[in-house]
Amino acid sequence: METERSCVDCTVGNCNREDGQYPLFCPSTHMDPDLLEEAMAEYEKEEIRRLTIAAAEVEADNYCKMTRLEETVEFAKKIGAKRIGIANCVGLLSEARTLAKVFRSHGFEVYGAACKGGTQKKADVGIPERCNAVGFNMCNPILQAKSLNARRTDLNILIGLCVGHDSMFYKYSDAPVTTLVAKDRVLGHNTVAALYQADKYYQKVFGNAE
């Protein structure tokens, strides 16, 4: 089956420049005008425009100067957030407490929701029994999102939710979400290390197709 090429197959990245040569398959030069118009129309919405400008200003003012934690604080300030929600894995409670301390020191209200909140059993939602090997209580990202929604948080920060659980949190969160920590127990939460070493020492990430 022929692979449809897209941005992930690009080696030049000239869409980040004012001019330059583009690959023959470049999505920018073959863009569906209706799709582009539909996307750009979203930026006319007041909330989206506010988030867009704040994100761009944080990037421009602090690029390679601030850590992601510091940038997150600045972003929260720029969007006028007052209440910060923290959705964390119970295994990263210490990190979540430190994050709460940081944001409270900047005058924000902080409310946290841990993944095991509600202490519901995995079996109750049809999770296979073998999954109890890492604990009987289920992670509940939907409850985390709804708990923060109930507090009317202005910005939610994700710390270390499992793959898939983070997807459900994003789906159910009313407030914008930014990720501070992507969980990776094997690599000390440095997820990009697997990509840097994929062609060298970490080739087990490739499937049979490779």
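A salt bridge is a side-chain nitrogen of Lys or Arg within 4 Å of a carboxyl oxygen of Asp or Glu. The exercises below apply to a predicted model.

**Exercise 1.** Determine how many salt bridges this rule gives, and examine the pair formed by Lys45 and Glu42.

*Solution.* By this rule, the count comes to four salt bridges. One of them joins Lys45 to Glu42, whose closest N and O atoms are 2.8 Å apart. That distance lies within 4 Å, so the pair qualifies. Lys45 is partly exposed at 45% relative accessibility, and Glu42 is partly exposed at 35%.

**Exercise 2.** State which parts of the chain are linked by the salt bridge of Lys78 and Glu57.

*Solution.* The side chains of Lys78 and Glu57 meet with an N to O distance of 3.2 Å. Lys78 lies in helix 3 (residues 68–78) and Glu57 in helix 2 (residues 46–62), so that distant parts of the chain, 21 residues apart, are linked. Lys78 has a relative accessibility of 36% and counts as partly exposed; Glu57, at 35%, is also partly exposed.

**Exercise 3.** Classify Glu38 and Leu36 as buried, partly exposed or exposed, and assign each to a surface patch.

*Solution.* Glu38 has a relative accessible area of 55%; because exposed means over 50%, Glu38 is exposed. Glu38 forms a negative surface patch with Asp32, Asp34 and Glu37. Leu36 has 44% relative accessibility and is therefore partly exposed. Leu36 contributes to a nonpolar surface patch of about 470 Å², together with Met31, Leu35, Met40 and Tyr43.

How values were computed. Residues numbered from 1 in each chain as written. Predicted model: local features only at pLDDT ≥ 70, side-chain atom pairs only at ≥ 80, totals over all residues. Heavy atoms only, no water. Patch = residues over 30% accessible without salt bridge, like charges linked within 9 Å, V, L, I, M, F, W, Y side chains within 5 Å. Areas by Shrake-Rupley, 256 points an atom, 1.4 Å probe, with all protein chains shown as cover. Lys, Arg positive; Asp, Glu negative; His and termini not counted. Charge placed at Lys NZ, Arg CZ, Asp CG, Glu CD. Buried < 20%, exposed > 50% of the residue type's maximum accessible area, 1.4 Å probe, protein only. Helix = DSSP H or I, 4+ residues; strand = E, 2+ residues; numbered from the N terminus.
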